[in-house]
Amino acid sequence: MKLLQSLKSILKVGHSDQPLTESEKKELNHAIVELMLEMVRADFVELHTEKTALIALLSDSLELHPEEVVEYIEKAEIRADFSLSIKSQTNVINNYLTRAEKAALLANMWQLAYADDELHLLESKLIEQASQLMGFSQQELQSLCQNS
């Protein structure tokens with residue numbers, strides 16, 4: 001599956017030549033899970049198909065057992081309830097991922113938004129905001145989404 005392979009490649013390459021420490025990897029995993037969860041929640045309707053796709057995607061791409069992914073998601077749900085923006089997640093992502101890796105993550109977010117065969121206006125706004133915080137222009141985002 002193209003989506004899983006893209007996200008898997010994101011997590012295998014750090015922003016620098018040095019591999020991420022265990023602590024950095026966990027911090028990055030939390031940020032990615034929180035951002036992807038926000039995409040699922042963006043339209044205020046968490047469908048079973050979206051949640052199932054999220055767990056499968058994260059389990060494969062983060063190379064974690066589904067139970068571990070559920071733990072990440074549970075923590076992300078709590079943190080998201082107290083979060084006012086996605087700036088903290090995108091700051092972590094900006095620190096650890098290259099521009100190409102961030103582009104792949106945005107393309108995967110776009111595909112996750114379509115997991116229910118519908119793109120809600122709030123999902124579109126969320127990905128626009130995330131792309132802006134990651135340093136992408138509107139035109140670059142449109143190109144990424146068209147190629148997904």
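## Exercises on a predicted all-helix model

Helix α3, residues 48-61, has 14 residues and reaches 20 Å from its first C-alpha to its last, close to the 20 Å expected at 1.5 Å a residue. The expected span is 1.5 Å times one less than the number of residues. The model is predicted, so that local features need pLDDT of at least 70 and side-chain atom pairs count only at pLDDT 80 or more, while totals for chains, interfaces and linings use all residues. Residues are numbered from 1 along each chain as its sequence is written, and side-chain values use heavy atoms, with hydrogens and water left out.

**Exercise 1.** Determine which residues of α3 are buried, and which residue with positive phi follows the helix.

*Solution.* Step one is to apply the cut-offs, under which buried means under 20% relative accessible area and exposed over 50%, with partly exposed in between (1.4 Å probe, protein chains only). Step two is to list the buried residues of α3, which are Glu50, Leu54, Leu57, Leu58, Ser59 and Ser61. As background, residues three or four places apart point the same way because an α-helix has 3.6 residues a turn. Step three is to look past the helix, where glutamate 63 has a positive phi near 55 degrees.

**Exercise 2.** Describe the secondary structure and the burial of the protein chain.

*Solution.* Of the 148 residues in the protein chain, 44% are buried.

**Exercise 3.** Characterise the lining of the largest pocket.

*Solution.* A pocket is defined on a 1 Å grid over the protein atoms alone, as an open set of points where a 1.4 Å probe fits, with protein on both sides within 12 Å along at least five of seven lines; lining residues have an atom within 4 Å of a point. The volume of the largest pocket, about 280 Å³, is the space filled by probe spheres set on points joined across faces, edges and corners. Among its 13 lining residues, Glu38, Arg41, Ala42, Ile86 and Leu126 are the closest to the centre. The largest share of the lining, four residues, comes from α7, and both α2 (22-41) and α7 (121-133) supply at least two residues.

**Exercise 4.** Locate aspartate 117 and state its phi and its exposure.

*Solution.* Aspartate 117 lies in the loop between α6 (99-113) and α7. Although not a glycine, aspartate 117 has a positive phi of about 60 degrees. Its relative accessible area is 72%, so aspartate 117 is exposed.

Conventions. Nonpolar A, V, L, I, M, F, W, Y, C, P; charged D, E, K, R; others polar.
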